Amino acid sequence: MSALISARGLRKQYGKHIALDGVSFEIPPGRIVGLIGRNGAGKTTTLKAILGLTPFDGELQVLGVNPSRQRDALMRDVSFIADTAVLPKWLRVRNALDYVEGVHPAFERARAEEFLRGTELRLDSRVRHLSKGMVTQLQLALVLAIKAKLLVLDEPTLGLDLLYRRKFYDTLLNDYMDNQRTILVTTHQVEEIENLLTDVMFIEHGKLLLDSPVDELGERYQQLIANADATQAARALQPFHERSVFGRTVFFYEGADAAQLATLGEVRTPGIADLFVARMQGIA
Amino acid sequence: MKTWAMLIRRELWERRGLWLGAPIAALFLIALSLFGRVGWKVGRERMEDHALWEAPSVAYGAVWGGVSLIIVIVTMMMMIGYLLDALHAERKDRSILFWRSLPVTDRDTVLAKFAVGMLVLPLISAATIVITHAVITGAVSARYGSPDIGLWRYWWRAAWAVFTGTSQLVLWYAPVGSWLLLASAWARRAPFLYALVPPFALIVGESMLFGSRVVRDYFTARLDFPAGRLMHRETDGGLLTDPQLWLGVGIAAVLLTITIRVRRYRDEA
């Protein structure tokens with residue numbers, strides 16, 4: 001099995017609204033993929049299809065099975081947080097550990113407990129009395145202690161403070177990630193995961209705008225901070241986006257000749273966040 | 001097995017009061033027998049003075065029957081409340097997304113909730129009834145003296161009847177229980193309305209279209225508490241010989257299958 005997830009012509013319609021409009025992609029094992037898009041772009045629908053939470057049209061294989069039909073088998077190898085703050089209010093931290101330990105063969109309780117030790121969570125706290133950030137911490141502790149082949153995180157750090165977000169991503173990268181595992185993550189805070197991702201996908205209006213390994217972005221996209229006297233020339237090379245920063249104009253190109261751009265100013269590989277904004281806004 | 005034990009414990013974490021209904025009713029009844037004039041109406045005239053000595057089995061039978069009935073009614077209310085809420089609460093607080101992120105099938109979840117409502121609660125109820133009989137019998141004997149009729153052998157027979165009667169009732173009401181669970185899985189709000197409206201619509205519709213009352217009679221017969229028809233002796237099949245009971249078990253299986261599908265696909269958006 002080469003691809004861990006392979007989607008071909010994925011479509012999903014809610015009434016008249018087309019949520020996914022023929023999405024195709026492949027995710028090989030061992031990658032950390034960021035799925036980036038605005039609210040309503042189709043991110044969550046894609047994740048739900050992958051997790052077998054929603055029926056869809058088109059072909060989709062996750063770990064070799066159809067997630068819609070063989071969901072029960074799939075959940076042994078996949079763990080996910082679909083949404084933050086969905087733990088029931090009556091649940092105690094201890095009960096949560098007991099429960100997941102009782103039903104999940106790949107759950108390592110000691111890891112979850114170790115992860116919780118670094119937080120303010122107590123074993124007999126109830127979810128009802130926890131802040132939103134603490135609930136998220138609990139959920140993260142649970143999923144990080146499950147040895148799953150695929151981990152799906154939808155806005156995992158929503159409501160967490162900066163220190164904890166850092167700690168979470170460090171744990172994810174250092175302790176959790178190995179070349180057997182794959183992580184699919186969506187987030188609004190693109191800057192924070194930029195350095196973590198191996199692959200990036202942009203989605204908009206149910207279509208993939210971009211699907212590329214991060215280290216190939218530089219070959220495809222260029223960012224030019226144009227010299228003051230070169231803006232006209234830069235514009236003539238048909239950038240797909242431009243914006244002004246501190247009085248200088250920044251241009252974004254797809255497939256331009258880097259050597260030629262270098263004569264007009266400073267050339268860089270755009271960051272994912274910048275690239276996302278540029279792709280979404282087009283030529284402003 | 002481990003999963004099943006966990007699924008059932010989970011229900012009791014969520015509803016800590018759930019298993020307490022029958023025991024609390026029992027404590028109340030025991031208190032009445034200890035501190036009242038053996039005092040609830042069912043047994044009063046028979047337990048006092050001569051009745052206890054003249055016809056002890058009738059006197060105790062009445063008291064035990066009264067105790068059983070009250071605890072069964074309390075338990076049934078707990079069962080109805082639980083089954084209507086079991087698959088609704090997890091959707092209301094959206095925790096269903098968490099439960100479904102773990103490798104527990106919808107089938108196991110639905111069946112575990114059905115088992116808590118239709119097996120665990122009735123078992124607690126039956127055990128409570130039998131223990132309450134013993135405590136009250138002991139208390140009454142201590143107070144009025146004990147007629148020499150092998151009371152405890154009689155108690156043991158009654159205990160057997162409680163457990164066989166309970167299992168017959170569980171089978172008899174299985175379609176009702178699974179209907180409530182289906183309403184709980186289907187309803188966005190007010191599951192009890194979803195449970196009540198379709199049968200009532202059928203009854204009213206039949207009456208308006210055909211002027212007949214077949215559906216109504218059927219539902220009435222089916223919901224009627226079949227106390228007089230329960231098995232009393234080992235040789236007596238009781239309700240178990242009624243094809244209606246087995247038809248109902250079949251209907252329950254169909255309703256549970258639908259409920260599993262509903263949990264799977266409801267609210268998928």
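1. A word on the model and its labels. This is a predicted model, in which local features need pLDDT of at least 70 and side-chain atom pairs count only at pLDDT 80 or more, while totals for chains, interfaces and linings use all residues. Residues are numbered from 1 along each chain as its sequence is written, and chains are lettered from A and ligands numbered from 1 in the order in which they are written.

2. An open sheet in chain A. Three strands of chain A line up in the order S2-S1-S4, with antiparallel pairing. Strands here are DSSP runs of E with at least two residues, helices are runs of H or I with at least four, and both are numbered from the N terminus; two strands pair if DSSP finds at least two bridges between them. Strand S2 (17–27) and strand S4 (57–62) are the edge strands, each pairing on one side only. From one strand to the next, the twist averages 20 degrees. Eight bridges join S1 (residues 5–14) to S2 of chain A, and A:Ile5 has A:Ile27 as its bridge partner in S2(A).

3. A covered strand. Look next at S3 (residues 32–37) of chain A, where six of the six residues are buried (20 or more other C-beta atoms within 10 Å of the residue's own, with C-beta atoms placed from the backbone). In a regular strand, side chains alternate between the two faces of the sheet. On one side of S3(A) lie A:Ile32, A:Gly34 and A:Ile36, and on the other A:Val33, A:Leu35 and A:Gly37.

4. The neighbours of that strand. S3(A) pairs in the parallel sense with S7 (residues 182–186) of chain A over three bridges, with A:Ile183 as the partner of A:Ile32. S3(A) also pairs in the parallel sense with S8 (residues 199–204) over five bridges, and there A:Val33 is partnered by A:Asp199.

5. Two helices in chain B. How do H2 (residues 21–35) and H7 (residues 106–144) of chain B cross? Their axes come within 10 Å and cross at roughly 10 degrees. H2(B) and H7(B) are therefore roughly parallel to each other (angles under 35 degrees). Among the residues making the contact are B:Ala22 and B:Leu29 of H2(B) and B:Ile124 and B:Val135 of H7(B).

6. Where the chains meet. The contact takes 22 residues from chain A and 18 from chain B, contact meaning C-beta atoms, placed from the backbone, within 7 Å. On the chain B side, H1(B) gives the largest share, six residues.

Key:
Axes are lines fitted to C-alpha atoms, for helices over the stretch in contact, and angles run from 0 to 180 degrees between N-to-C directions. Two residues are in contact if their C-beta atoms, placed from the backbone, lie within 7 Å. A residue is buried if 20 or more other C-beta atoms lie within 10 Å of its own, exposed if 12 or fewer, and partly exposed in between; C-beta atoms are placed from the backbone. Angles under 35 degrees count as roughly parallel, over 145 as roughly antiparallel, 65 to 115 as roughly perpendicular and the rest as oblique.
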